[in-house]
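Subject: Handover of a structure and findings

Dear colleague,

Please find below the structure that I am handing over to you. My findings follow it.

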Amino acid sequence: MAATAQCLYLSCRFQSLSISPPSSSRPYATAFKPLTSSANTSFNAFSTGLVSVNPILGRRGGRSISIVCEAGATTKKPDSAAKRARQAEKRRLYNKARKSEVRTRMKKVLEELDVLRKKPEAQPEEVIGIEKLIAEAYSVIDKAVQVGTLHRNTGARRKSRLARRKKAVEIHHGWYTPTPSPSPSSAPAV
């Protein structure tokens with residue numbers, strides 16, 4: 001049970017103030033701590049609240065004391081917020097695993113392509129094994145996009161990076177020659 005907040009305004013003269021916890025028969029009695037205060041003080045009186053004691057000059061030079069007692073509720077989250085936090089943590093771990101798998105697959109493909117590029121006596125048949133790795137990486141990337149772990153543009157960019165790197169290796173070894181793009185002047189008129 002949460003403690004309620006109360007505000008008091010006392011119009012009297014006194015030097016000290018003492019607030020004690022309510023009787024132990026109440027269920028929220030353990031939330032309060034005994035308090036002793038004098039004017040011009042502000043300190044933590046409750047486990048989750050604050051008591052401020054400030055003198056205010058009243059009419060005709062009399063002093064009145066303003067006492068503000070604020071006791072907050074427990075810090076327990078509502079059930080819906082706790083459930084959302086659990087769901088978010090579960091999704092975070094799930095997405096982290098998916099992204100890690102995407103990075104691992106891409107790294108394997110890029111390492112194999114680097115080895116093939118540096119190999120002086122490479123044969124065109126060696127690309128077939130790399131194409132299988134690329135297909136697996138594409139599958140993992142597409143699945144990550146499908147379930148919402150990656151944005152579709154991010155997935156497309158990563159797939160394009162793999163394809164461009166493979167094409168660069170093929171061009172480097174002379175297994176592929178890009179066709180020149182037609183110039184605008186040689187295009188047929190419409």
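This is a predicted model: local features need pLDDT of at least 70, side-chain atom pairs count only at pLDDT 80 or more; totals for chains, interfaces and linings use all residues.

Overall composition

The protein contains three helices and six strands. Read from the N terminus, the order of its elements is β-β-β-β-β-β-α-α-α. Of its 190 residues, 23% count as buried. The accessible surface is about 13,900 Å², and carbon and sulfur atoms hold 53% of that area.

Helix α1 and its contact with α3

Helix α1 has 40 residues. From its first C-alpha to its last it reaches 58 Å, which is close to the 58 Å expected at 1.5 Å a residue. The axes of α1 (residues 79-118) and α3 (residues 152-173) come within 10 Å and cross at roughly 10°. The two helices are therefore roughly parallel to each other. On the α1 side, the contact is made by Val102, Met106, Val109, Leu110, Leu113, Asp114, Leu116 and Arg117. On the α3 side, it is made by Arg158, Arg161, Leu162, Arg165, Lys166, Ala168, Val169, His172 and His173. By class, the residues of this contact divide into nine nonpolar, two polar and six charged.

Which residues of α1 are buried? They are Arg98, Val102, Met106, Val109, Leu110, Leu113 and Leu116. These buried residues pack against both α2 (126-147) and α3.

Valine 140 in helix α2

Valine 140 has its place in helix α2. Is this residue buried or exposed? Valine 140 counts as buried because its relative accessibility is 12%, and the cut-off for buried is under 20%. Apart from neighbours within four places in sequence, valine 140 is in contact with Glu101, Val102 and Arg105. Val102 is also one of the buried residues of α1. Valine 140 and arginine 98 are separated by 42 residues in sequence, while their C-alpha atoms are 8.1 Å apart in space.

The contact of α2 with α3

The axes of α2 and α3 come within 9 Å and cross at roughly 170°. This makes α2 roughly antiparallel to α3. From α2, the contact involves Val127, Glu131, Ile134, Ala137, Tyr138, Ile141, Asp142 and Val145. From α3, it involves Arg152, Gly155, Arg158, Lys159, Leu162, Ala163, Lys166 and Glu170. These residues divide into eight nonpolar, one polar and seven charged. Arg158, Leu162 and Lys166 of α3 take part here and also belong to the contact of α3 with α1.

Glycine 155 in helix α3

Glycine 155 is located in helix α3. With a relative accessibility of 2%, glycine 155 counts as buried. With which residues is glycine 155 in contact, leaving aside its neighbours within four places in sequence? Its contacts are Ile141 and Val145, and both of these residues belong to the α2 side of the contact with α3. Glycine 155 and isoleucine 141 are 14 residues apart in sequence and 5.8 Å apart in space, taken from C-alpha to C-alpha.

With kind regards

Technical notes
Residues are numbered from 1 along each chain as its sequence is written. Side-chain values use heavy atoms; hydrogens and water are left out. Axes are lines fitted to C-alpha atoms, for helices over the stretch in contact, and angles run from 0 to 180 degrees between N-to-C directions. Helices (H or I, at least four residues) and strands (E, at least two) are DSSP runs, numbered from the N terminus. Angles under 35 degrees count as roughly parallel, over 145 as roughly antiparallel, 65 to 115 as roughly perpendicular and the rest as oblique. Contact means heavy atoms within 4.5 Å. Ala, Val, Leu, Ile, Met, Phe, Trp, Tyr, Cys and Pro count as nonpolar, Asp, Glu, Lys and Arg as charged, and the others, Gly among them, as polar. The expected span of a helix is 1.5 Å times one less than its number of residues. Buried means under 20% relative accessible area, exposed over 50%, partly exposed in between (1.4 Å probe, protein chains only). Accessible areas come from the Shrake-Rupley method with a 1.4 Å probe; for residues, only the protein chains shown count as cover.
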